[in-house]
Every structure is written in structure tokens, then in C-alpha cells.
Amino acid sequence: MSLKSTALNSIDALKTISNESQTQKKITHIAEEIRKKSHQGKFSLIFGNGGSAADAQHFAAELVCTYKDRQRKPYKAIALTTDTSIVTAWANDFQYESIFRRQLEAFGDSAGFAIGLSTSGKSKNVINALKYSKENNISTCMITGNNELEFQDYDFLIKVPSKDTGTIQTVTQVIYHSICDVLEV
């Protein structure tokens with residue numbers, strides 16, 4: 001796919017979600033959940049693979065540091081993808097499919113909100129972590145692409161209206177920046 005078509009697909013997907021009041025409501029509710037959990041002393045734990053791992057780090061940085069308001073207090077957030085020693089030790093000694101779940105277990109009662117990013121929606125380690133979260137009363141969110149998968153067990157689900165990885169990643173950034181916009185009001 002050419003750069004032009006990826007850009008045009010991203011614009012089309014953004015127009016679609018911008019016109020969906022449901023998506024706008026979800027963005028607001030996700031922001032409220034991050035704020036609530038942080039005020040309770042609990043962390044929003046964000047995770048994904050590849051480009052989604054980079055997005056998890058970017059999202060967490062916006063929450064902890066600042067987005068636009070340099071005077072606001074930080075929100076409690078960590079990207080579970082950043083500690084290479086934990087990730088590689090667990091993957092090497094056990095299995096990669098449970099790496100994010102294991103980290104959620106370690107956070108215990110400090111884990112408040114699990115945010116999984118998966119362009120395909122099929123990442124086993126993301127799904128396993130979100131399933132564990134639901135079983136342990138941790139709020140859940142999945143941001144994914146347009147797929148045929150059913151995700152009924154998550155508290156929040158946003159499906160980017162595309163199957164193109166680049167488009168999904170671009171729109172995911174807009175989604176988490178929109179969440180940060182809500183958090184800064």
C-alpha cells in the first residue's frame with residue numbers, strides 16, 4: 001500500500017470515528033476511568049506488541065508527563081512493554097503469551113485499568129492479560145482494528161474502521177491523544 005493510500009485510509013477512518021457519537025463517548029469514559037483509577041492510587045497498565053508496544057509507551061508517557069498542560073499532575077500509568085529484562089526473562093523461561101498477564105499479577109491491587117492495543121485483535125498475550133484483568137476486577141479496554149472477532153468481555157472496546165496496520169496505528173494515536181485532551185480539561 002502506498003503512503004498516499006495509507007494517509008487517505010487514515011483520514012477516512014478518522015472521519016468515521018469522529019462522526020460516531022459512540023466512539024466519542026467511549027473516549028470520554030476511558031479518560032474518566034484513567035482519572036478515577038489514578039485518584040484511587042491505581043495504575044493504568046498499557047501493552048501491545050511491535051508498533052502497539054511503541055504506542056503503549058507513547059500513551060503512558062503522555063499520561064505520566066504531560067500532554068499539553070505542563071502544570072497538571074501526573075496520571076499513574078506504565079507501559080508493560082518497557083522493561084526488557086522482565087519481558088525477555090519471562091518469554092525465555094516460560095512463554096511470551098503470558099508476559100503481560102504476569103506483570104499484571106505482579107502489580108496486584110495497584111493495577112486498576114488494563115489497556116490492550118492490538119491491531120489484529122488476535123495477540124494472545126494481550127487477550128490473556130485482558131482476560132486475567134476481568135477475572136480480577138481490573139477495568140479493561142481493547143483498542144484494535146476492524147475485525148470479525150467478538151470482544152464482549154471488555155469494559156471498553158474501540159475498533160478502528162480499517163484492517164490496514166498503518167491506518168490502525170495512526171488512528172490509535174489520535175484516539176489516545178483524544179483521551180489525553182479529555183484528561184486535561
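The largest cavity holds about 40 Å³ of space. A cavity here is a set of points on a 1 Å grid over the protein atoms alone where a 1.4 Å probe fits but cannot get out, and lining residues have an atom within 4 Å of a point. This is a predicted model: local features need pLDDT of at least 70, side-chain atom pairs count only at pLDDT 80 or more, and totals for chains, interfaces and linings use all residues. Residues are numbered from 1 along each chain as its sequence is written, and side-chain values use heavy atoms, without hydrogens and water.

Which elements each supply at least two residues of that lining? They are α3 (51-64), β3 (111-118) and α7 (165-183). The largest share, three residues, comes from α7. Among the lining residues are Ser52, Asp55, Leu117 and Thr172.

Next, the largest pocket, with a volume of about 160 Å³. A pocket is an open set of points with protein on both sides within 12 Å along at least five of seven lines. Its lining includes Lys122, Glu148, Lys163 and Ile168. Ile168 is also listed in the lining of the largest cavity.

Now the helices. α4 (residues 84-93) and α5 (residues 99-107) pack at an angle of about 120°, with axes 10 Å apart. In the contact (heavy atoms within 4.5 Å), Ile86, Val87 and Trp90 of α4 meet Ile99, Arg102 and Gln103 of α5.

Conventions: Grid points are joined across faces, edges and corners, and a volume is the space filled by probe spheres set on the points. Axes are lines fitted to C-alpha atoms, for helices over the stretch in contact, and angles run from 0 to 180 degrees between N-to-C directions. Helices (H or I, at least four residues) and strands (E, at least two) are DSSP runs, numbered from the N terminus.
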